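I went through helix packing, a sheet and the aromatic rings.

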Amino acid sequence: MTQVPQAKLPAPPVAEQRPHSYERHGFRVEDPYFWMKDQGYPKVDDTDVLAYLMAENAYFDAAMKPHEALVETLFQEMKGRIKEDDASVPVPDGDWLYWWAFKPGAQYRTWYRKAARGGADQMIFDEPAEAAGKEYFRLGAMATSPDGRLAAILMDDNGSERFKLRIRDLATGKDIETVTEVGIGEPVWTADSKGIVFTEVNENWRSYRARLHWLGQPLSADKTLYEETADKGFSVGVSKSQDKSLIFISTGDNATSEVRFVPADKPEAPLTLISPRKTDRIYSVDASHGKLWILTNDDHVNFRLAEAAIAKPEAWKTLIAGSDAVYLRGVTAFRDHLVISERLNGLDQIRLRAYDGAEHRIAFPEASYNALVSSNPDYAPKVYRLNYSSMVTPSTTYDYHPAERRLETLKVAEVPSGYDPTQYATERLMLPTRDGKEVPVSIVYKKGFEKNGQGKVFLYAYGAYGYAVPPRFATDRLSLLDRGYAYAIAHIRGGDDLGYQWFLDGKLAQRTNTFNDFVDAAKGLIAEGFTSPGKIAIQGRSAGGELMGAVVNMNPELWGAAVADVPFVDVLNTMQDESLPLTPGEWPEWGNPITDKAAFEYIRSYSPYDNVEAKAYPPLLITGGLNDPRVTYWEPAKWAARLRATKTDHNLLLLKINMGAGHGGKSGRWDSLREDAEAYAFVLTQLGGAD
């Protein structure tokens, strides 16, 4: 153990407690750190707030300074496993092949294309040049016009996820128009390449309308194709059918959706509503061969696939019925096949179904893996591009030849510093929970790891919004495996790993199943001999950060260190603040404590900030972003302040707020990697293995 004694550090910041309370549903809630929310948000210029955040950052720097050598060692290890001049496999799109490449040392990608029939490479977007001089840069989307002349490009330079949408002439590399300063999502082009359909966010960062802009026309002439006015919790998005014939405009929240369409060659025609919104019904749509292909959960929790005539879009006819065993997750309608993403027994499957009904699944070589349909812009490809990896197999790009049922390997991610997969082992465990379920846990370790109860485990999970953390390869975790750790992913309820019901069983009034599953997975790893209490490091991000806050409150004795990135921990207050960007759209996930007393009481029972107690907590590293519109900076700040004032131990508690970034942390690939190195260094210095 190389943990620096607390006595060698300056005193940690002590945030002032200012009386603030409110009553709801007969309860009085005390919130002494309410003042940390700048009342002018999203602008943050309150001097007291900024002084506190900078004091926390200074304390973080002081605590980590003795470990600079370890951070640098980890960073260089991680960097050495990444090919500096890496490039993607070119993707065919019409008359062109598109790809990205990193120049040696570059933080960001450069994008290229060349004619499919042959010719010189053409640079079409230089992220390093665009990012020069900026603390943060993110390319949000780049959509090339059907005629190949122009690109609609979304860029964010502060992490607020309010993107500038510009139209670039690819022949000259010059921007010819700025369409909006508050765009979001992927824009789509009209069929004639003369117009762009895009979405915008309002002052509350809600994607609320779809607009049509004709190139060369003043912005004042832009037409609103659809604006969501009925439900302020709904977000609007746009997309185009795989056959390029229709532009879809969708609206919905986490539980309910509604889709309209307009011909891509007549974007100002009246919108056609496919089916009116029905609470707790989700549907998504593609089009080909004059039909709509609809994936919906209207009569089975694991979804069915239906078809409908474009002229009668609400007359749905079942093509593939819902199944308890097979969870249908997505469909893309190519010329020759419906390519269906699904999950069977928790494992990814890709099914190809011809329009005459003949179908088969693609066979993959391992028992546990992550497989997904990659970028396939063309409507009639001869092969289908796929991505694949497992806990021990690096990311692999395949082309699948359907006639031969053959996977062609195009690229296996290179690990320049060397990687021998035979030195590592992976398992998929089914561990019991307190209510009789079994939670899948994917785990990887270096061979020789002894299951004698003395090992150290790094346990990760998310557990919300139906997102399943895939059991895929990651080079950074090799730095833990090579230091004797096992790395595990708990596929807890709240994700959709075992089907859509697995997601439903971790939301609303069943939210605590998520926390219990995580704790029970840890106890299961202990029972299986992987580790023992106090030798488990844990990490979660965003809603997974909420998970971290809940489980350190519930079972602090289990954890040797905890990393909570941009943690959603002030749940009760956030879900009552309708002015915040995501709150109304989040009520279907968490409940509405404003109107629902039971939801208020339930959220109050687990909200991490509201349940900090006077007891010993494990060492904690907490991160946030000043410009984060998803989890606002004051959530981690308030939580850290209350923990400091309440906990009884002397374990290290660090708060780091990125003052020029948002939800994803720093944007450059090396800057982001250094933050990963900092997190691992924190774990190693607190739990052991740094020597």
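**Entry 1: a helix pair.** I am working with a predicted model. I began with the residues where two helices touch. On the H6 side I listed Thr514, Phe515, Asn516, Phe518 and Val519; they meet Glu546, Leu547, Met548, Ala550, Val551 and Met554 of H7. Sorted by class, this H6 to H7 contact has eight nonpolar, two polar and one charged residues.

Next I looked up the geometry. H6 covers residues 512-527 and H7 covers residues 543-554. The crossing of H6 past H7 is right-handed.

Entry 2: I then turned to H1 (residues 47-64) and H11, which pack with their axes 12 Å apart, at an angle of about 65 degrees. These two helices are therefore also noted as roughly perpendicular to each other. The crossing of H1 and H11 is left-handed. From H1, I found Tyr52, Leu53, Glu56 and Tyr59 in the contact; from H11, Ala637, Ala640, Ala641 and Arg644. By class, that gives six nonpolar, no polar and two charged residues.

**Entry 3: the sheet.** In what order do the strands of the open sheet run? I read E30-E31-E33-E32-E34-E35-E36-E37, eight strands with mixed pairing. At the edges are E30 (424-432) and E37 (653-658), each of which pairs on one side only. From one strand to the next, the twist averages 15 degrees.

I also checked how E30 joins its partner. E30 and E31 (residues 438-446) are antiparallel and share nine bridges. One position I marked was Leu429, which stands opposite Val441 in E31.

H11 came up again here. Helix H11 (residues 634-646) lies across E35 (559-565), E36 (620-625) and E37, and it runs at about 160 degrees to E37.

**Entry 4: aromatic rings.** How many aromatic pairs does a search of the whole structure find? I got 32. One pair I wrote down is Phe334 with Tyr384: the ring centres are 5.0 Å apart and the planes are at 55 degrees, so I logged the pair as tilted. The two residues are 50 residues apart, and their pair links distant parts of the chain. Phe334 is in the loop between E22 (326-333) and E23 (337-344), while Tyr384 belongs to E27 (residues 384-389).

Terms used: Residues numbered from 1 in each chain as written. Predicted model: local features only at pLDDT ≥ 70, side-chain atom pairs only at ≥ 80, totals over all residues. Heavy atoms only, no water. Axes fitted to C-alpha atoms, helices over the stretch in contact; angles between N-to-C directions. Helix = DSSP H or I, 4+ residues; strand = E, 2+ residues; numbered from the N terminus. Left-handed = near helix turned anticlockwise from the far one by under 90°. Contact = heavy atoms within 4.5 Å. Nonpolar A, V, L, I, M, F, W, Y, C, P; charged D, E, K, R; others polar. Pairing = 2+ DSSP bridges. Phe/Tyr/Trp six-rings, centres within 6.5 Å; stacked < 30°, edge-to-face > 60°. Parallel < 35°, antiparallel > 145°, perpendicular 65-115°, else oblique.
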